[in-house]
Amino acid sequence: MNEKRLTKIALVCSLVGILLLLLIAERQDVSTSSIEKITNQSIDKEVKIKGKISTLKETPAVTITQVQDATSGITVIMFRKENVTLQKGDLVEVQGIVKEFEGKLEIEAKIVRAF
Amino acid sequence: MLIIELLLGLLIGCLIGIFTGITPGVHINLVSVIILSFSPWLLEFVSPLTLGLVIVGMTIVHTFLDSIPATFLGAPDSDEVLSVLPGHKLLLKGRGYEAVTRTAIGTLAAAMIMIALTPALILLVNVLYPLVKEKMSFILLILCCFFICKEPRSKLWALLVFSLAGVLGIVTLTMGLKDPLFPLFSGLFGTAGLLLSINEKVNVPQQEISFPVIEKKQGFGTLLSAVISGSLCSMLPGLGPSQAAMVGAQFTKSMTGETFLILNSALNMVNMMMSFITLYAINKGRNGAIVVVGEIVGKIGKEELLMLLAGVLIALGIGTWLTLSLTKVFAKLMTKINYKKLCIGIIIFVTGLVIFMTSWQGLLIYLTATSLGLLPPLKNVGRSHMMGCLLVPIILFLIL
């Protein structure tokens, strides 16, 4: 082992890491869709939407919001409400999994960003 | 693009890691808690995984670079306690670069082995942890006795240091401070070592830049014992790399100071990697910074784990390169800078940080911890006995 070899191993590590990150990030990078396109076929799939918060209900465990875009509205459930401080009227981007609850579609949020 | 955001986050983490790594007394747990407190605001701009990767980048680069102050200034953090003596000895022989390079090799090799073994280790944790959990207090008690009995010099002083640290730990953790471990560890492991360095009148000789020669068989043996002892110790709370090193040293034949540097640095990385694995498998990170990653990212699934490991791989490359480059700079600077003034400057900086972060209560802990931290080197017993400050409260918490 010499310095050159150690540097080479380090470089290979970084390149493999970047490649791995690129592959997973591509899978995670969901393109934004309009709410009306979320149908029963989207259940258990990951979606990303952008819209305004029309209603907001906070409980100790979850935050339940209604997000509205130009096409339609959907309920968004956030289990980690401490991550973002939200208010009615905020423009948000939500990424999460589509679920069905009592016959209605909703999004279980993984990432919420307020603008 | 998500990938650019993730890579940027990782790079920012690496930059913070350079600062925490080469500055004695600034621990990654502290910075991670600061990042966590800003996370509600930060998460409005970036994804939780990006923030997680900031901490991953910082943690890995810190793990590489913290051997630089440990070797060149004799100021280790709690994880580098045992490597400070062999590293410092090599520094005084003009082989500081070699000492740090050995730790870089140990860190890189251990990380690569741990990544390759991740699936097997997840299985192992799932099987072993329920068994260990039942008898955790008993296992910790036995290990504490083992650490004290294995003290080659004064066992009585080892017991005294362990007990006093334990009492200090209980008092500190029950004071209701926001960051109780910061003044405690800074005093025990940072400032105490720096104070002694000032008093020692160290004359650092001209440093040579030579790459270490490591015998393959010995290198593999050392890494193997690091992986075994580090993985097992990581399942128990309160046991860090220093304690695992004491267990690991029992499995390694003819342990020299040079080999010990590889063992200790490899254990640091094993400990870090096991934290990712325990966070995924049993939802418990054994390292403060990794616990914060879990808090920010939420549930760690397969994809999240893979992403964090990819981040580790990238940071490994950056960390290795940074270590080799920065050590050369340090090796040249060490003979030129005023060692005493540097140590005093760092003590003032850390003390100021303690007062700023934890006010007068923290300062009281810090001063007590510093006084206690002076005892082991003065009485010639291992500094790792001071980990009683965590082990005693944990054992009491489990028993009572």
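Biologist: To start with, what does the secondary structure of chain A come to?
Modeller: Bearing in mind that this is a predicted model, chain A comes to one helix and five strands, and from the N terminus on its elements run α-β-β-β-β-β.

Biologist: And is chain A compact or spread out?
Modeller: Chain A is more spread out than a compact globule, because its radius of gyration is 19 Å, well over the 13 Å that the globule rule gives for 115 residues. Its C-alpha atoms fill a box of roughly 65 × 30 × 25 Å along the principal axes, and buried residues account for 39% of the 115 residues in the chain.

Biologist: OK, over to chain B: how many helices and strands does it have?
Modeller: Chain B has 16 helices and zero strands. With a radius of gyration of 20 Å, close to the 21 Å that the globule rule gives for 400 residues, chain B is as compact as a globular protein of that length.

Biologist: What box does chain B fill, then, and what percentage of its residues is buried?
Modeller: The box around the C-alpha atoms of chain B is roughly 50 × 50 × 50 Å, again taken along the principal axes, while buried residues make up 61% of its 400 residues.

Biologist: Switching to the surface, which residues gather in the patch of positive charge?
Modeller: That patch brings together Lys4(A), Arg5(A), Lys8(A) and Lys216(B). Helix H1 of chain A, residues 3–28, gives the most to it, with three residues, whereas Lys216(B) sits in helix H10 of chain B, residues 216–233.

Biologist: Is Lys216(B) buried or exposed?
Modeller: Lys216(B) counts as exposed, because its relative accessibility is 67% and the cut-off for exposed is over 50%.

Biologist: What about nonpolar surface, which residues make a patch there?
Modeller: Leu141(B), Leu396(B), Phe397(B), Leu398(B), Ile399(B) and Leu400(B) make a nonpolar surface patch of about 640 Å². Its largest share, four residues, comes from helix H16 of chain B, residues 388–399. Leu141(B), by contrast, is found in helix H7, residues 136–149 of chain B, and counts as partly exposed at 39% relative accessibility.

Biologist: One last thing, where is Lys133(B)?
Modeller: Lys133(B) lies in helix H6 of chain B, residues 96–134, and counts as exposed at 51% relative accessibility. Although Lys133(B) and Met235(B) are 102 residues apart in sequence, their C-alpha atoms are 8.7 Å apart in space.

Note on methods:
Residues are numbered from 1 along each chain as its sequence is written. Chains are lettered from A and ligands numbered from 1 in the order in which they are written. This is a predicted model: local features need pLDDT of at least 70, side-chain atom pairs count only at pLDDT 80 or more; totals for chains, interfaces and linings use all residues. Side-chain values use heavy atoms; hydrogens and water are left out. Patches are made of residues with over 30% relative accessible area and no salt bridge: like charges are joined within 9 Å, nonpolar side chains (Val, Leu, Ile, Met, Phe, Trp, Tyr) within 5 Å. Accessible areas come from the Shrake-Rupley method with a 1.4 Å probe; for residues, only the protein chains shown count as cover. A salt bridge is a side-chain nitrogen of Lys or Arg within 4 Å of a carboxyl oxygen of Asp or Glu. Lys and Arg count as positive and Asp and Glu as negative; His and the chain ends are not counted. The place of a charge is taken as NZ of Lys, CZ of Arg, CG of Asp or CD of Glu. Helices (H or I, at least four residues) and strands (E, at least two) are DSSP runs, numbered from the N terminus. Buried means under 20% relative accessible area, exposed over 50%, partly exposed in between (1.4 Å probe, protein chains only). The radius of gyration is taken over C-alpha atoms; the globule rule is 2.2 Å times the number of residues to the power 0.38.
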